[in-house]
Amino acid sequence: MKFCLLILTILAVVVNGNTKANVLQFENLGYSGTYNPVLELKNIDSDSCTCVLGDPVAFNGTAAPLNEQLSVHFRGPLILHKFAAYYSPNFITNNDNSDSWNRIAYYDDSQGTANNVTFLTNAGANSSCLGNGLSYAGSDGISKASSATILGENTLIHSNEEFVIFSNLSCGSSSLQGDCGVYRPNIPAFKGYDGTVKMFLFEFEMPQENNGNEDIINYNSPAIWLLNAQIPRTSQYSMNSNCSCWASGCGEFDIFEIMNNTHSTELLTTIHDYQGTDNINTGIIIPGYIERNFNSVMKGGVIFDNSGNAVVFMSNSTTFNNTITAATANGWISKAGNVVNDALSSVSYVPPKSSSKSKGDAGQIDKSFMSQITLGIFSLIFWLT
Ligand SMILES: *[C@@H]1O[C@H](CO)[C@@H](O)[C@H](O)[C@H]1NC(C)=O
Ligand SMILES: *[C@@H]1O[C@H](CO)[C@@H](O)[C@H](O)[C@H]1NC(C)=O
Ligand SMILES: *[C@@H]1O[C@H](CO)[C@@H](O)[C@H](O)[C@H]1NC(C)=O
Ligand SMILES: *[C@@H]1O[C@H](CO)[C@@H](O)[C@H](O)[C@H]1NC(C)=O
Ligand SMILES: *[C@@H]1O[C@H](CO)[C@@H](O)[C@H](O)[C@H]1NC(C)=O
Ligand SMILES: *[C@@H]1O[C@H](CO)[C@@H](O)[C@H](O)[C@H]1NC(C)=O
Ligand SMILES: *[C@@H]1O[C@H](CO)[C@@H](O)[C@H](O)[C@H]1NC(C)=O
Ligand SMILES: *[C@@H]1O[C@H](CO)[C@@H](O)[C@H](O)[C@H]1NC(C)=O
């Protein structure tokens, strides 16, 4: 049995992302580690703009550091029809007697409802070290608005265009001790969705890009992903790794991500932190993909349960009701189809405070075979001991 699993693990590693699946699952998510929060943003409107990181902050436990506030990010070509966030006191995958889910945030484009949802986008002021800051998004998702605006029905954002969803809870004042840490001045600063046990559901389309401009970055490569909400509140796309906590490992989870136009139908799932890897740029990619359907509405999401499972699934059975029983959610997963599972190592890497990595981005750069090899080695060690 152990031997078969070993062979299966090696096979899964060798095929490296070519297994088609409906469920992509990490086990053993969460570790004890540290990251460096931003302490200071200096001279942000001048060419001498710099950022200073603070002392390491320790985290531990199930899903850590992804148990912290998360913001929800969308990149085109994409139409978002529905979004919902749920909490549960103690949901456990495969256990129908565990606790049900309660909806705490909901967006429905056809109804024009946005409960506990704030749409922001990177259309704020530019800065030489921080890039463009957050602003409210207009109903098109990408223009700057002067106040919170609900995304319009059937809004299509194009390649490399992005918007972000936060909760509707405003951050307290910007400080290391504050409820949102240090954040960029003059942005609409909202909290993300926090907690260990949470679920995000999406109803969306990722149509083939039709604007013909293949030279633009992330052409025809849509994505839905989660960031530690501190990252966009300081700087999502900085050339200076001291301007956000990303490089030191405060956390990113790519739920459904097209990496490039040559693999334009393969939605991958990736974690970027230091659990089982020292390469945060590549992160750990689950060796399988969920198919992107160009011409139909897709439904699915990600469940972070109370046992350290992070389960990404695509299922037409997905519903957005106020409460979802454990049996219903487990049914979406168990009936979805093929599962690719990836047990994360408990071994973690401690990054140096000052990292040479240059860019805290959505996780699309410097993808290599390395993390799969690392994963293989950890799996080997696991099965041989
Ligand atoms: C684990 O993290 C919690 C905060 O989430 C903290 O209160 C606790 O002291 C930490 N425990 C250890 C052993 O680091
Ligand atoms: C946040 O959203 C909830 C749920 O829709 C609503 O009850 C509450 O009034 C909103 N709070 C603010 C500050 O907008
Ligand atoms: C923001 O400023 C930087 C240089 O400070 C520049 O390279 C970049 O093109 C600017 N971005 C926009 C959108 O204007
Ligand atoms: C809105 O989301 C925040 C952040 O996750 C949560 O703490 C709060 O309870 C939610 N509000 C409602 C009304 O559910
Ligand atoms: C980041 O901060 C460290 C000091 O903690 C400094 O040595 C390093 O040069 C800074 N990096 C950049 C890109 O400014
Ligand atoms: C495109 O993405 C796939 C994963 O979907 C990856 O295996 C491949 O190396 C990438 N190609 C390029 C040119 O980056
Ligand atoms: C889900 O529904 C869409 C139509 O909305 C259909 O094209 C697709 O094949 C369905 N997927 C599955 C797995 O049944
Ligand atoms: C969701 O609510 C609808 C009624 O609005 C109901 O018909 C359906 O059975 C519910 N689904 C689940 C999974 O609870």
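What share of the 385 residues in the protein is buried? Buried residues make up 56%. The model is predicted. The protein has 4 helices and 25 strands. A search of the whole structure finds 4 disulfides.

**Overall build**

- The protein exposes about 15,000 Å². Carbon and sulfur atoms supply 50% of that area.
- Among contacts in the protein with a separation of 6 or more, 72% come from residues 24 or more positions apart.

**Strands 4 and 5**

- Strand 4 covers residues 38-42. It pairs with strand 5 in the antiparallel sense, over 4 bridges.
- Within this pairing, Glu40 stands opposite Val52 of strand 5.

**Disulfide pattern**

- With the bonded cysteines of the protein numbered in sequence order, the pairing reads 1-3, 2-6, 4-5, 7-8.

**Cys49 and Cys129**

- A disulfide joins Cys49 to Cys129, with an S to S distance of 1.8 Å.
- Cys49 sits in the loop between strand 4 and strand 5, and Cys129 in the loop between strand 11 (118-121) and strand 12 (135-137), so this pair ties together parts 80 residues apart in sequence.
- Cys49 counts as buried because its relative accessibility is 7%, under the 20% cut-off.
- Cys129 also counts as buried, at 6% relative accessibility.

**Cys51 and Cys243**

- Cys51 and Cys243 form a disulfide with their sulfur atoms 2.0 Å apart.
- The torsion about their S-S bond is about 90 degrees, so this disulfide is right-handed.
- Cys51 belongs to strand 5, while Cys243 lies in the loop between helix 2 (230-234) and strand 18 (252-257), so the bond ties together parts 192 residues apart in sequence.
- Both Cys51 and Cys243 are buried.

**Cys171 and Cys180**

- Cys171 is joined to Cys180 by a disulfide, S to S 2.1 Å.
- Here the torsion about the S-S bond is about -85 degrees, so the disulfide is left-handed.
- Cys171 is buried, with a relative accessible area of 12%.
- Cys180 is buried too, with a relative accessible area of 2%.

**Ser315**

- Where does Ser315 lie? Ser315 is in the loop between strand 23 (310-314) and strand 24 (323-324).
- Is Ser315 buried or exposed? Ser315 counts as buried because its relative accessibility is 7%.
- Leaving aside residues up to four places away in sequence, Ser315 touches Lys299, Gly300 and Trp332.

**Ligand 8**

- Which residues are around ligand 8? They are Thr319, Asn321 and Thr328.
- Asn321 places a polar side-chain atom 2.3 Å from an oxygen atom of ligand 8.
- Taken alone, ligand 8 exposes 360 Å², and the protein buries 30% of that.

Key
Residues are numbered from 1 along each chain as its sequence is written. Chains are lettered from A and ligands numbered from 1 in the order in which they are written. This is a predicted model: local features need pLDDT of at least 70, side-chain atom pairs count only at pLDDT 80 or more; totals for chains, interfaces and linings use all residues. Side-chain values use heavy atoms; hydrogens and water are left out. A residue is near a molecule or strand if one of its heavy atoms lies within 4 Å of it. A polar contact is a pair of N or O atoms within 3.5 Å; within protein, one must be able to donate a hydrogen and the other to accept it, and residues adjacent in sequence count only if both atoms are side-chain atoms. Accessible areas come from the Shrake-Rupley method with a 1.4 Å probe; for residues, only the protein chains shown count as cover. Two strands pair if DSSP finds at least two bridges between them. Helices (H or I, at least four residues) and strands (E, at least two) are DSSP runs, numbered from the N terminus. Buried means under 20% relative accessible area, exposed over 50%, partly exposed in between (1.4 Å probe, protein chains only). Contact means heavy atoms within 4.5 Å. A disulfide is a pair of cysteine sulfur atoms within 2.5 Å.
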